[in-house]
Amino acid sequence: MLDPGFWSFVGLTAGIYAIFALGLQVQYGLAGLLNFGHVASMAIAAYTMAILVVRFGLAEWQAAAAGIAAAMAAGLLVGLTSLRLRADYFAIVTICFSEIVRYVLLNRQDLTGGPEGTIGLLGRGQAAAYNTDWDSLIARVRETVSSVTGLDVSRDILMLLLIWLVAAGLLLVVRRASVMPWGRVLRSIREDEEAASSVGKNVFARKLQALALGAAIAGAAGVLYALQFSFFTPDDFEPLVTFFAWVVLILGGAARVFGVPLGALLFGLLFAGTRFFDFWPLSLLDSADRAYLRLIIIGLLLIGLMYYRPQGLLGRRQEMLLE
Amino acid sequence: MSELPQLIVDGLVSGAVLAIAAVGVSLVYGILHLVNFAHGDYLTFGAYAGLGVTALGLSMVVATVVAVAATAALAVGLQLVLWGPVRRRRAGLLSSFITAIGLALVLRHAIFLVVGAGSRAYPVDQFSVERLGPVRVSISQLIAISLSIVAIAVIGVLLARTSIGRSMRAFADNPELAAVAGVDVGRIVLATWLVAGALAGLAGELQGLIQGAFDPNMGWNLLLPIFAAVVLGTIGNAYGALLGGFVLGLVMELSTWSVLGGGIPASYKYVVAFLALILMLLVRPQGLLGRRARAL
Amino acid sequence: MNASLRGGTGAEVDRTRLLEVRDIVKRYQGVAAVDRATLNVAEGSITALIGPNGAGKTSLFNIVSGFARADSGSVRYRGRSISRLPPHRVARAGSVRTFQQPRVLRRLTVLDNLLLAGPRQPAESFWRALAPGAGRRDQELRRRALELLALVRLDDRAEAYAGVLSGGQRKLLEFAKALMAEPLLVLLDEPLAGVNPTLRELLLQRLREVQAGGGITFLVIEHDLGSVLRVSDEVAVMSEGRVIFQGSPEATRRDPAVIDAYLGSAEAIVASGTPG
């Protein structure tokens with residue numbers, strides 16, 4: 001329980017999911033878009049960055065920016081083609097889009113390294129890395145910190161700080177915009193598109209913007225994920241990850257921007273907890289079985305939450321009743 | 001040149017499984033307005049129920065009966081303990097989506113917990129192949145084809161000729177009107193789950209057969225192609241779902257036909273299915289059999 | 001485009017024709033909901049649009065406000081064609097509609113419902129919303145919004161969710177919301193339906209006041225003939241998709257075609273002749 005490795009894992013998981021789910025918060029919490037393919041943005045950003053660095057020799061920061069831009073462009077593409085569809089169709093189109101992305105990543109081995117992941121970006125027999133500059137930067141920061149303060153700060157702690165700094169910055173930006181007229185327009189669209197257009201709001205353009213902004217935020221989460229873990233495969237971006245973002249959003253209460261970090265922390269605890277806890281009776285199960293159990297618990301939690309507290313832990317019950 | 005007929009036969013076989021599963025999803029959507037993300041895992045449940053029976057040394061016939069009955073029981077049971085109460089709470093679109101996803105996670109990983117992650121197969125000789133003219137058909141495919149024909153005939157008779165089937169279709173078409181006409185909603189809902197569950201059980205077993213080896217992810221992986229078939233054939237329309245399943249099965253297999261610029265690699269089968277779905281939604285959102293909705 | 005629509009060019013705009021509807025046809029599945037309807041709305045007037053159920057009044061509203069596209073015919077607003085504009089462009093040009101079933105935004109507060117409709121809000125842009133002072137325009141709008149809420153006696157509900165309002169209060173909120181947009185033309189779809197008699201009188205009184213205050217023209221669909229004939233300057237009567245008559249309220253009561261179209265409710269028209 002006091003293992004620092006456990007807590008930094010919780011913090012890293014929660015931080016990345018906080019950013020990732022914040023993108024969904026913009027799309028669903030504000031604009032009411034049922035995006036069930038959110039993970040595609042993360043995958044596109046992470047892979048674009050890795051491919052541009054390894055195969056095209058771009059600087060890492062340029063590749064990271066390009067990754068986020070690519071996620072945003074993909075969001076625009078999905079929006080332009082599918083935003084006019086009914087909500088349930090839109091949900092199905094987005095989840096299919098995210099699976100198309102994953103299948104292409106799995107199968108274009110020549111471009112992506114295929115199922116073996118980014119380590120195979122240069123083909124078999126050569127281990128590819130896309131974040132060497134980043135890692136040496138972190139190493140320099142660690143040296144500087146230890147020479148100035150005498151403290152040995154681990155890589156994970158530095159990443160933890162960075163990720164939560166980004167999360168806090170993005171949260172404040174989204175929070176600020178959402179209490180301003182910008183957010184009011186999106187909430188009005190979530191409530192009733194025709195009513196919003198009857199007072200002069202361009203519903204399609206607004207939804208497209210929310211979708212692209214959410215995709216860019218998810219792209220940032222993808223870049224941070226890639227930097228933290230130094231390696232990933234297409235299966236890191238399966239639909240389950242999108243559902244986890246929904247768990248985070250719903251735990252916190254979809255209509256509350258500040259519900260996102262709370263939801264992410266709870267989710268991080270649950271996610272990491274079931275991985276690290278090995279005391280009795282969990283010690284009777286092997287690690288694979290504990291992973292299944294974890295997902296069963298998350299599933300039951302979703303069902304229970306939707307049944308007993310659909311407005312989330314921070315949400316107002318009254319708002320749900322007005323739906 | 002036996003490639004084309006072979007692809008057509010393969011397409012019809014995988015299409016039949018999609019079609020059988022899609023009818024259930026479509027009925028559930030039409031009658032309960034529920035997009036059941038857990039439906040794929042109902043298939044997996046059926047496949048393993050059948051496998052359990054064959055492990056006892058019983059025949060595939062018994063296995064099929066058990067798979068169908070057990071999955072139907074699961075579907076009805078879940079209606080009683082989960083969907084019924086959720087419906088009474090008047091859950092919104094998102095709530096029911098998330099509940100279904102939660103259920104999918106629970107079912108799939110419970111199956112993982114019980115049977116483990118390894119691949120299994122039915123005790124059917126995977127390598128024995130019959131030649132029918134230019135086409136090679138495996139024993140599994142033959143079983144799948146014959147059972148599908150029976151199942152589709154039964155569905156057809158059920159929906160077209162029985163009173164419960166007719167009320168189900170009427171209800172899916174226009175719930176208000178059907179309710180006014182004195183249709184017993186509770187009975188319809190249970191009948192729907194019974195049919196959808198039975199079909200899911202059968203489809204699960206058939207998918208396990210034609211796939212050869214399968215693991216607990218099987219149904220989940222098949223969920224989106226099933227959805228694609230449902231939407232392709234007009235969501236909520238049972239006959240449309242049958243058609244959508246076959247069309248999708250054929251499209252998926254024929255996309256690999258070498259005459260089409262060398263064909264698309266088989267590993268892109270699902271990509272083709274999803275693209276077909278997205279294209280369909282953009283061009284003809286009402287589906288193959290749907291009427292264009294009236295504006296405003 | 002919006003600016004030129006709002007500003008107009010002055011001289012050649014015919015003041016008697018703020019809105020000109022010409023030969024509009026709209027079919028749904030082969031059935032003509034609107035069948036060559038022609039209608040003029042004079043600037044500064046309250047024009048009533050009456051007619052039996054299914055006459056095509058709301059369909060015509062949907063076309064004029066951009067929510068539906070006519071199969072043929074033209075809609076000109078301030079001398080310019082708006083037939084092909086999407087609804088938000090029509091609204092921004094100063095022609096704002098309400099809905100028969102009030103479409104208030106239930107999970108926004110009553111005040112936010114009004115603020116949303118306020119014109120010229122730079123902080124509706126994402127980047128401007130982040131800039132310092134982005135909330136300033138809201139302060140100006142808030143004053144106007146509270147005045148309008150007082151006008152329809154909803155000022156004590158400003159901070160409540162609009163979803164808790166009664167049906168009649170929602171109608172009033174829709175009315176206030178339309179005015180908040182600083183419109184030139186307001187299309188009211190049955191503003192009195194479902195509103196209790198006290199609120200009804202209030203709404204009619206406000207309608208008159210606002211119109212007398214100048215600048216705003218009203219086109220009103222209403223079934224309560226007594227009320228509507230009392231406050232309107234001009235009446236257009238629709239039947240089976242066409243405008244069969246347009247003229248003064250007095251002329252309407254006497255017109256045989258109108259009485260014919262309203263056969264069953266002829267007494268209603270005669271009864272409404274008694275000044276209120």
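Tutor: Start with charge pairing: between chain A and chain B the count is 0 salt bridges (a side-chain nitrogen of Lys or Arg within 4 Å of a carboxyl oxygen of Asp or Glu). This is a predicted model, in which local features need pLDDT of at least 70 and side-chain atom pairs count only at pLDDT 80 or more, while totals for chains, interfaces and linings use all residues. Residues are numbered from 1 along each chain as its sequence is written, chains are lettered from A and ligands numbered from 1 in the order written, and side-chain values use heavy atoms, with hydrogens and water left out.

Polar contacts come next. Chain A and chain B have 4 residue pairs in polar contact, both residues at pLDDT 80 or more (N or O atoms within 3.5 Å; within protein, one able to donate a hydrogen and the other to accept it, and sequence neighbours count only if both atoms are side-chain atoms).

Which elements build the chain A side? α3, α4, α11 (239–252) and α13 (287–308) of chain A each give at least two residues to the side that touches chain B (helices are DSSP runs of H or I, at least four residues, numbered from the N terminus). α4(A) gives the largest share, 14 residues. By class, this side of chain A has 32 nonpolar, 4 polar and 6 charged residues (Ala, Val, Leu, Ile, Met, Phe, Trp, Tyr, Cys and Pro are nonpolar; Asp, Glu, Lys and Arg are charged; the others, Gly among them, are polar).

Now the extent. The contact joins 42 residues of chain A to 40 residues of chain B (heavy atoms within 4.5 Å). Together chain A and chain B bury about 3,900 Å², 80% of it on carbon and sulfur atoms (accessible area, 1.4 Å probe, lost on being put together and summed over both parts). Three tyrosines stand out: A:Y89, A:Y292 and A:Y307 supply 17% of the area that chain A buries against chain B, more than any other three residues.

For contrast, look at chain C against chain A. There, 7 salt bridges cross the interface. One joins the side chains of A:R206 and C:E124, at 4.0 Å from N to O. The count of residue pairs in polar contact is 13. Chain C and chain A bury about 3,100 Å², with 58% on carbon and sulfur atoms. C:R107, C:F126 and C:Y161 supply 26% of what chain C buries against chain A, more than any other three residues.

Definitions and conventions
Buried area = accessible area lost by both parts, 1.4 Å probe.
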